[in-house]
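Trainee: Can you walk me through reading a core and its strands? I'd like the general idea, then the case here.

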Amino acid sequence: VMESDGDPVIKLVTHYETIEVGGYFYSMDYVDDMVDDYDDEDYLYANTYMDGYYDVDEEGEYELTFYCVDSDGNISNKAILILTVGDGEDE
């Protein structure tokens with residue numbers, strides 16, 4: 001059970017994901033849950049951000065940081081997703 005002590009809390013579905021080069025990636029598919037002591041999930045969803053760069057057409061490993069901000073300006077924990085594009089092996 002996720003609880004907020006005043007700051008929002010964000011949880012990801014996983015912290016590691018691998019996709020094929022050219023594959024589909026939508027960042028919000030990886031957000032599992034968000035809670036706050038005041039704001040509802042719809043508000044938090046609209047105020048969720050992801051820092052980091054990725055390119056689905058370029059093989060590599062990308063570190064993406066997710067967080068949300070509540071209506072009081074409080075920032076949640078930082079949730080990290082390591083996105084691997086391709087299998088990392090030479091073809």
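Trainee: Leaving aside neighbours within four places in sequence, which residues is Ile 10 in contact with?

Mentor: Contact means heavy atoms within 4.5 Å. For Ile 10, the list includes Met 2, Val 31, Thr 48, Phe 66 and Ala 79. Bear in mind that this is a predicted model, where local features need pLDDT of at least 70, side-chain atom pairs count only at pLDDT 80 or more, and totals for chains, interfaces and linings use all residues. Residues are numbered from 1 along each chain as its sequence is written, and side-chain values use heavy atoms, leaving out hydrogens and water.

Trainee: How many residues does the largest nonpolar core have?

Mentor: A nonpolar core is a set of buried Ala, Val, Leu, Ile, Met, Phe, Trp, Tyr and Cys residues joined through side-chain atoms within 4.5 Å. Buried means under 20% relative accessible area, exposed over 50%, partly exposed in between (1.4 Å probe, protein chains only). Here the largest one has 18 residues, and Ile 10, Phe 25, Val 31, Phe 66, Leu 81 and Leu 83 have the most contacts inside it. Strands E1 (9-12), E3 (31-35), E5 (60-68) and E6 (79-85) each supply at least two of its residues.

Trainee: Is E6 mostly covered or exposed, and which way do E5 and E6 run?

Mentor: Strands are DSSP runs of E, at least two residues, numbered from the N terminus; two of them pair if DSSP finds at least two bridges between them. E6 is mostly covered, with 6 of its 7 residues buried. E5 and E6 run antiparallel, joined by 7 bridges, and Leu 64 stands opposite Leu 81. E2 (residues 16-19) runs parallel to E6, with 4 bridges; there, Glu 17 stands opposite Leu 83.
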